[in-house]
Amino acid sequence: MTSKKKSVGVVPLGDVPEITLQVIADHITGCFKLTTQILPPFEPPDDALDERQLQYNAGIIIEAMEAMHFANHDKVIGVLNKDLFIPIFTHVFGEARQGGQCGLVSLFRLEKNPDGSTPPKSIIHERAAKVALHELGHLLDLLHCEHRKCLMHFSGGIDEVDEISLDLCEYCSIYLQDKLR
Amino acid sequence: MDKKMSIMVVDDEEIVRESLFHWFKKYGHVVETASSGFEALEKLETYPFQLLFVDIKMPGMDGIELLEKVKTEYPDTIVVIITAYGSIESAVKAMRIGATDYLLKPFKPDQLSLVMERISVQERLVSQYNYLKERLGKITRFDNIIGHSPEIEKVFSLIPEVAQSDASILLVGETGTGKELVAKAIHAESRRSHLPFIAINCGAMPESLLESELFGHQKGVFTGATRARKGFLEVVSGGTLFLDEIGEISPKMQINLLRVLEEREITSIGSREPVEVDFRLISATCKNLEKAVAAGTFREDFYYRVNVIMIEIPPLRKRKDDIPLLVEHFLKKYRQETTKHVDYVTRDAMELLRRYDWPGNVRELENAIERAVVLSKSRTLGVEDLSFIRPPDLQFSKTLSLREMEKVYIQQILEENNWNVTQSAEVLEINRVTLHKMMKRYRLERPEG
């Protein structure tokens, strides 16, 4: 049986700095050894905005992305600068369904430190790359991991995003290799 | 948390069910959803979910009502309540009823993680506690003899006491009460525990065979004795010999055994050379041996030899408080043996099991649970799974008054006719109004569920 290398599309939803998109694409190539392509931008659907919460419903955006049929890409990561939530939760940094095609990264809460200060751009890029890789991990069917430093460890707060590394632990690496075979 | 759990999300809002479903999937949990309390209860009947996330506000059956039902039928199931800020009082009520935790929506993802972490720790502690409790139970309760009623506690307290001596013990009790288990427990507690325990059912074999089994024989002494064989009295060498149904042995065998007990030596069939033997004798009977002595069918001197210490094993009908514990024990046993997820017995079914008098005692109860587990199609045993039990049959017991007997009989007829008053009245040959009056007088009501 031959293996076909998966390709990942990185798509901006609205106004997103190009450098951020490039950092995310490069990390996907570097860390997961997958080919990437930055795709043309599109606006998140209007009905994704919850006017009471002034947040965007991640589920609705993902459904809109899946309806676009990205035929040339196995997986697609959308990047936006809006505050994301999923019903019942106050907010999320990113969202992806287990084994799905499309995932999301929100830069909105990555641009502030827990104390309210603004971190250097390099830190924001690193956070965006971690969240993107984590969500891509879910698209590739990786589960949340117990290992505190593993990329697939769940991060509830921004300090936890800073705590995890850009790498997968030994077990998740083996699991990913199996998935990509 | 690293332990994968089986979780059911119960919420009437699809979007909430979906969100939590996908969230828990990311941890590798087995996840199911239900849109109402009724659907949740249906799913619980077929699969033993460990953890339920229940929204407090749902049409039809609300979260509190569902929680109450779950805690009654499946007390081990963990329930976490999801509530809005405005219904915090309901959350407090839920915690009193038995909810493990609650979440105020909307909540931060790490709040949910924290709740899951706490549940994981609790699960681990509960599992360790159950393991240690079981181990301790086995140490102090002589493995497999189950019960906490005063009647069985009395037996428990006697076992370590009598185990220390070498005196002969007579266990008296009805069939199926667990006499052999008590004999084994005494052996296990004694200084002979590392030596053999040999059980022989004296009632199951003819005299000549029993003699050969106990004393052994030389080659060629009778047809079929193609080689010499040691008897159990010799083979047991230092251990414990358990003679069940001792009341069945013949007068000749009584004399032979009496001699062995007095002289501590045997001569095998066809031999002239006596061999020294060392064993502790435990006998058992379901007969009244004193009456047999009085009637001359059982030797008095032999009776006093085997009955140095007498332990009476109570019949199950005299320790009905032990029935739930025994049922739990047998459910667990047959759950493991059959790999069927049958974990609970409904209240009505337990009531039925308690009402029945169990003439075959613990053995009959065990067989009933085994049969019910094997045939059950859900994870809860109900009255319908135990339909082969026929209680309460007419109890012509000396302890029942005429009035009590009338009540028992009417209840039996009502149960046989599925509580149909018209049909029952026909069977009883009284009119419906009279039956209604009698039901009211005796407070006989159709059980719920």
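This is a predicted model: local features need pLDDT of at least 70, side-chain atom pairs count only at pLDDT 80 or more; totals for chains, interfaces and linings use all residues.
Entry 1, strand pairing. I take two strands to pair if DSSP finds at least two bridges between them.

Val172(B) has Glu312(B) as its bridge partner in β14(B). The pairing of β6(B) with strand β14 (residues 309-312) of chain B is parallel and runs over four bridges. I then checked β13(B), where Thr285(B) is the bridge partner of Val172(B). Strand β6 (residues 169-172) and strand β13 (residues 280-285) of chain B are also parallel, joined by four bridges.

Entry 2, the five-stranded sheet. I traced the strand order in an open sheet of chain B and found β2-β1-β3-β4-β5, with parallel pairing. Which strands stand at the edges? They are β2 (30-34) and β5 (101-105) of chain B; each has a single partner strand, so one side of each is left without a neighbour in the sheet. From one strand to the next, the twist averages 20 degrees.

Within this sheet I looked at one pair in detail. Strand β3 (residues 51-55) and strand β4 (residues 78-84) of chain B run parallel and are joined by five bridges. Leu51(B) stands opposite Ile78(B) in β4(B). I kept in mind that side chains in a regular strand alternate between the two faces of the sheet.

I recorded α3(B) as lying across β1 (6-10), β3 and β4 of chain B. Its direction makes an angle of about 155 degrees with β3(B). Helix α4 (residues 88-97) of chain B lies across β4 and β5 of chain B, at about 170 degrees to β4(B).

I described the packing by the angle and the distance between the axes, as is done for two packed helices. The axes of α3(B) and α4(B) cross at roughly 5 degrees and come within 10 Å. That angle makes α3(B) roughly parallel to α4(B), since angles under 35 degrees count as such. On the α3(B) side I listed Gly63(B), Ile64(B), Leu67(B), Glu68(B) and Lys71(B), which meet Ser90(B), Lys93(B), Ala94(B) and Ile97(B) in α4(B). By class, I found four nonpolar, two polar and three charged residues in this contact.

I found helix α2 (residues 37-46) and helix α3 (residues 63-73) of chain B packed at an angle of about 20 degrees, with axes 10 Å apart. The two helices, α2(B) and α3(B), are therefore roughly parallel to each other. Their crossing is right-handed. From α2(B), the residues Gly37(B), Ala40(B), Leu41(B) and Leu44(B) meet Glu65(B), Leu66(B), Lys69(B) and Val70(B) of α3(B). The contact of α2(B) with α3(B) comprises five nonpolar, one polar and two charged residues.

How many residues of chain B are in contact with chain A? I noted 17 residues of chain B, in contact with 15 residues of chain A. On the chain B side, α1 (14-25) and α5 (109-140) are the elements that give two or more residues. The most come from α1(B), which gives six residues. I classed the residues on this side of chain B as seven nonpolar, four polar and six charged.

Conventions. Residues are numbered from 1 along each chain as its sequence is written. Chains are lettered from A and ligands numbered from 1 in the order in which they are written. Two residues are in contact if their C-beta atoms, placed from the backbone, lie within 7 Å. Ala, Val, Leu, Ile, Met, Phe, Trp, Tyr, Cys and Pro count as nonpolar, Asp, Glu, Lys and Arg as charged, and the others, Gly among them, as polar. Axes are lines fitted to C-alpha atoms, for helices over the stretch in contact, and angles run from 0 to 180 degrees between N-to-C directions. Angles under 35 degrees count as roughly parallel, over 145 as roughly antiparallel, 65 to 115 as roughly perpendicular and the rest as oblique. A crossing is left-handed if the near helix is turned anticlockwise from the far one by less than a right angle, and right-handed if clockwise.
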